[in-house]
Amino acid sequence: MTDMERNGDLDIVVYGATGFTGTLVAEYLLRQYGVGKDIKWAIAGRSASKLADLKEQLGENAVGLETIVADSSDAEALASIAKRTRVVLTTVGPYAIYGSTLVAACVEAGTDYCDLAGETQWIRKMIDTYHERARETGARIVHCCGFDSVPMDMGVWFLQEAARNSHGAYCKKISLYVKAAKGTASGGTLASMINIIEEAKADREVARLMANPYALNPEGQREGPDGSDQKKVIYDDDADSWTAPFVMAGINTRVVRRSHALAGLPYGQDFRYRESTLTGKGIGGWMKGTLMTLGLGALVLGISLGPTRKLLQRFVLPKPGEGPNRELQRSGFFNLMQIGILPDGTTMRTRITGDQDPGYGSTSKMLSEAAVCLAKDALDAQGGCLTPAAALGGKYLARLQENAGLTFEVVD
């Protein structure tokens, strides 16, 4: 399906607009693109009254903004949305519970789609169920368009393009390190994590899938040189620092590997990728890494057990729909480092930064620009269940740097 044949009178429908992140997306689109201008967009959700409240909250500049009522379980209503628009942007999770009907509607309508899913088991289900059909209809289904996993997926794409341009070869190994970040854990992300744990406990096949580093690769390419994600404190010689596990590596690494596979394995079948958190040198770095590892393990154990999970949900963890105030969003940031090793041993380093809270302020901008990129940019990608790098490439990288407060730069 060509761009001229794509659906509807709308460019983008923001589904789940009245939720915490959905509201941030609506605010961003209004601020960046206005209403009734180059981007024709609408807000959608299950409650007419909440949509009206959001529209009033957005102010006089949103007077012309259309609202659409549709429940996540109403296949007919979701199909109607998909037929009206070029892109559906959804923030309604956990996606394993609320997302499948909307994906099906977009696939059948040939409508592009982007989300914030970080649920490996559900994304794999969407790939197995809809990838081939989406290729037929032209629907580009793009998962993981927030902090998981845009900076990492696009970061690898950026580094490899820089390596090819400057050295005529791709890196055979890339490691990503979280140097610093300030932000609040998303209630929606935690809800998704809890659901993943429950699914894995109930179904051994889900547990095996979650453990496979290549779980999101196309069928026949679900093995490779990478092992399991880091689970303990390790001294990293490349970074010259102690490192701890990174909580989001479980989804990010699999997205990067799928991007590589969808591109035809240009970096080689022996390409390796991993992620961790830098904790510093010496005994201080080791102690920091140990405490971070123990804390992460305690959190996973706590939400795995019914009684402790209820206590955490009641007194500690943010609930879906909750998030940091405006000041905390604005004061948040992230600073990531990549180290790439070329076949001749040459090392390249890049820095990736974001200017707001990674889970909310920055994520809402990444997701919004993914939708705009799908709606308005001439992209090479055809239909299928894709990744940010595979679907959006250089056009998206430019939008992230020009509009969304991200930077990607080679540092040596």
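The following exercises, with worked solutions, concern a predicted model.

**Exercise 1.** Determine which residues are linked with Arg84 in a network of salt bridges.

*Solution.*
Step 1. A salt bridge requires a side-chain nitrogen of Lys or Arg within 4 Å of a carboxyl oxygen of Asp or Glu.
Step 2. Between aspartate 9 and arginine 84, the closest N and O atoms are 2.6 Å apart, and the pair forms a salt bridge. Aspartate 9 belongs to the segment before β1 and arginine 84 to helix α3, 75 residues apart.
Step 3. Arginine 84 also meets glutamate 66 in a salt bridge, at 2.6 Å from N to O. Glutamate 66 is in strand β3, 18 residues from arginine 84.
Step 4. Asp9, Glu66 and Arg84 therefore form a network of salt bridges.

**Exercise 2.** Classify arginine 86 and aspartate 11 as buried or exposed.

*Solution.*
Step 1. Buried means under 20% relative accessible area.
Step 2. Arginine 86 has 17%, so this residue is buried.
Step 3. Aspartate 11 has 7% and therefore also counts as buried.
Step 4. The two residues form a salt bridge, with the closest N and O atoms 3.8 Å apart. Arginine 86 lies in strand β4 and aspartate 11 in strand β1, so the pair ties together parts that are 75 residues apart in sequence.

**Exercise 3.** Describe how helix α7 and helix α15 pack.

*Solution.*
Step 1. Two packed helices are described by the angle and the distance between their axes.
Step 2. For α7 and α15, the angle is about 90° and the axes are 10 Å apart.
Step 3. Helix α7 is therefore roughly perpendicular to α15.
Step 4. The contact includes Trp157 and Phe158 of α7 and Tyr396 and Leu397 of α15.

Methods:
Residues numbered from 1 in each chain as written. Predicted model: local features only at pLDDT ≥ 70, side-chain atom pairs only at ≥ 80, totals over all residues. Heavy atoms only, no water. Axes fitted to C-alpha atoms, helices over the stretch in contact; angles between N-to-C directions. Helix = DSSP H or I, 4+ residues; strand = E, 2+ residues; numbered from the N terminus. Parallel < 35°, antiparallel > 145°, perpendicular 65-115°, else oblique. Contact = heavy atoms within 4.5 Å. Buried < 20%, exposed > 50% of the residue type's maximum accessible area, 1.4 Å probe, protein only.
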